[in-house]
Amino acid sequence: MKLVRLRTTLYNIKAQLGPGNVLDSSSSYSTATRTTTREVTNSLRKGSSMYKLYRMLSPMGDPNDSMVPLLDQWVEEGRPLDMEQLRVIVKKFRLYKRFSHALQISMWMTKKSNFVRTPADVAIRLDLIAKVQGIEQAANYFNCVPEKLKLPSVYIALLNAYACAKSAEKAEIIMQQMRDRGLVKKTIDYNSMMNVYYQTGNYKKLDSLMHEMEEKGIDCDKYTFSILLSAYAAASDGEGIDKIVAMMEADRGVVLDWTVYATAASGYVKAGLSDKALAVLRKSEVLMMHNKFSRAYDFVITQYAACGNKDDVLRVWKHYKQNLKVYNRGYICVISSLLKFDGMESAEKIFEEWESRNLCHDIRIPNHLIDAYCRRGLLHKAETLIYKAQLRGTEPNVRTWYLMATGYLQNNQSEKGVEAMKKALVLLEAGTRWKPSKECLAACLGYYKKERDIEGADYFIKLLTGKEIISADLHDRLLNNIRNG
């Protein structure tokens, strides 16, 4: 069976459009380092001296800017320095993904004479180094840590880093070191290694870890089940999904939430088991009503669309609007879902509703309709949407002009297509992974060749080389081809 990477994971549902870490690395080390946004915010007392320090540091947005001068200034001015509160500031920056600044503060703290390093400090530092400087630097730091500080939380931090780096072999060496030191005693220790195998696609090795857990009498928890469920879903293994869902439902120690059934639904859809997907989506829907997460609605809507159920998409959308304030992300989700059914009329109505709400204008929303219009040859409608967006101060982006270029070229409006493509290329950042299709580029170059427009072709080809879409050595060859007819 060919194993395909799952687009949605259970515990990192926000990563539903790309591979994600089943175990949230910010909460997988130990009780000592596991924090929520609310806990961190509450522990940094407003009005306190350290809160003022945080307010002084937080406006520094560029990760390349150093916080050290501000920290040194704080000390030189004789202001109090609370190491526990500094730890809170590190965690706060880390929660907001300001990893470089969090690492700077962590390193600055180490140099202070009154700072006593704990395993939790080491685990967080290791995680930050991996994110900012890379896995090799993180491993080097780990090797320099005194053995007395290498508690399970530190090993788990490194395992999580190896999971992100997709380095299973090195993670196995670390896991064996934990076994040799007698540190593999808890479910979280196995979860971290399971996460490595999940992230690297080594699904068969999950069974051996499960067997080891059973031999030691270590129970599975929700994280364990989530990895197994995601692995079976990635493999489009309907029977495996059935088994794990049944185990979770039977385990009183596992509190089920909407993400469990959402992940199962995603796997069933991939396996072509629409009836089973719909059954678990209904369960997910019931549970998400209690939590009221906008992303839950977004995900369930997209899954109903994947199952081909337009009525369910509209029904959940209605509940969405009744229960939550809907922002741009929700409109993107429902409009794109409806267009999968050729539900143009419904999509247009919801788009008009979005326009009437005067939310922050996001060109991605009209882009979905522009795409649909261009595919259907309704270029005038697409042009009208762009004009209306510009009137509101929203400028077209690369995708907007590329969609228009494709639409024009497919409908024999080559001149307009080439102009739209040039606008797209001008906006494109050099080195971007996205590239226009070969067919589109060939059509544009064919236009210049037909028109014998050497100057225009030269400019167009320079755009392609400048944006790193083609190599510089192709410039003369392409231009000569156009010049020679």
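Me: Between which two helices is the loop that holds N412?
Reply: This is a predicted model, in which local features need pLDDT of at least 70, side-chain atom pairs count only at pLDDT 80 or more, and totals for chains, interfaces and linings use all residues. Residues are numbered from 1 along each chain as its sequence is written, and side-chain values use heavy atoms, with hydrogens and water left out. Helices (H or I, at least four residues) and strands (E, at least two) are DSSP runs, numbered from the N terminus. The loop with N412 is found between α22 (398-410) and α23 (414-427).

Me: Is N412 buried or exposed?
Reply: Buried means under 20% relative accessible area, exposed means over 50%, and partly exposed is in between (1.4 Å probe, protein chains only). The relative accessible area of N412 is 72%, so N412 is exposed.

Me: What is the phi of N412?
Reply: Most residues other than glycine have a negative phi. N412 is not a glycine, yet its phi is positive, at about 60 degrees.

Me: What is the relative accessible area of K166?
Reply: K166 also has a positive phi without being a glycine, with a value near 55 degrees. K166 lies in the loop between α8 (152-164) and α9 (168-180). K166 is partly exposed, because its relative accessible area is 43%.

Me: How many helices and strands are in the chain?
Reply: Taken along the principal axes, the C-alpha atoms of the chain fill a box of roughly 75 × 60 × 45 Å. The chain has 485 residues, of which 51% are buried. Its secondary structure is 26 helices and 0 strands.

Me: What share of the contacts with a separation of 6 or more is between residues 24 or more positions apart?
Reply: Contact means heavy atoms within 4.5 Å. Of the contacts in the chain with a separation of 6 or more, the share from residues 24 or more positions apart is 64%.

Me: Which members of the largest nonpolar core touch the most other members?
Reply: In soluble globular proteins, nonpolar side chains tend to be buried together. A nonpolar core is a set of buried Ala, Val, Leu, Ile, Met, Phe, Trp, Tyr and Cys residues joined through side-chain atoms within 4.5 Å. The largest core here has 149 residues, and those that touch the most other members are L86, I89, I105, M404 and F460.

Me: Which residues does M404 touch, not counting residues up to four places away in sequence?
Reply: M404 is one of the members of the largest nonpolar core that touch the most others. Beyond four places in sequence, M404 touches I370, C374, L379, A382, E383, I386 and A420.

Me: How far apart in space are L57 and I89, C-alpha to C-alpha?
Reply: L57 lies in helix α2 (residues 49-57) and is buried, as its relative accessible area is 0%. Leaving aside neighbours within four places in sequence, L57 is in contact with M67, L70, L71, I89, F93, R98 and I105. L57 and I89 are 32 residues apart in sequence, and their distance in space is 9.4 Å.

Me: Which helices are included in what covers the buried residues of α26?
Reply: H475, L479 and I482 are buried in helix α26 (residues 474-483). They cover an arc of only 60 degrees around the axis (taken from the directions from the helix axis to the C-beta atoms), so they are on the same side of α26. On the other side of α26, D476 and R477 are exposed. What covers the buried residues of α26 includes α24 (438-451) and α25 (454-466).

Me: What is the handedness of the crossing of α18 and α19?
Reply: Axes are lines fitted to C-alpha atoms, for helices over the stretch in contact, and angles run from 0 to 180 degrees between N-to-C directions. The axes of α18 (residues 328-339) and α19 (residues 344-357) come within 8 Å and cross at roughly 165 degrees. A crossing is left-handed if the near helix is turned anticlockwise from the far one by less than a right angle, and right-handed if clockwise. The crossing of α18 and α19 is left-handed.

Me: How are α20 and α21 oriented to each other?
Reply: P366, L369, I370, Y373 and C374 in α20 meet L379, K381, A382, L385 and I386 in α21. The axes of α20 (residues 364-375) and α21 (residues 379-391) come within 8 Å and cross at roughly 160 degrees. Angles under 35 degrees count as roughly parallel, over 145 as roughly antiparallel, 65 to 115 as roughly perpendicular and the rest as oblique. The two helices α20 and α21 are therefore roughly antiparallel.
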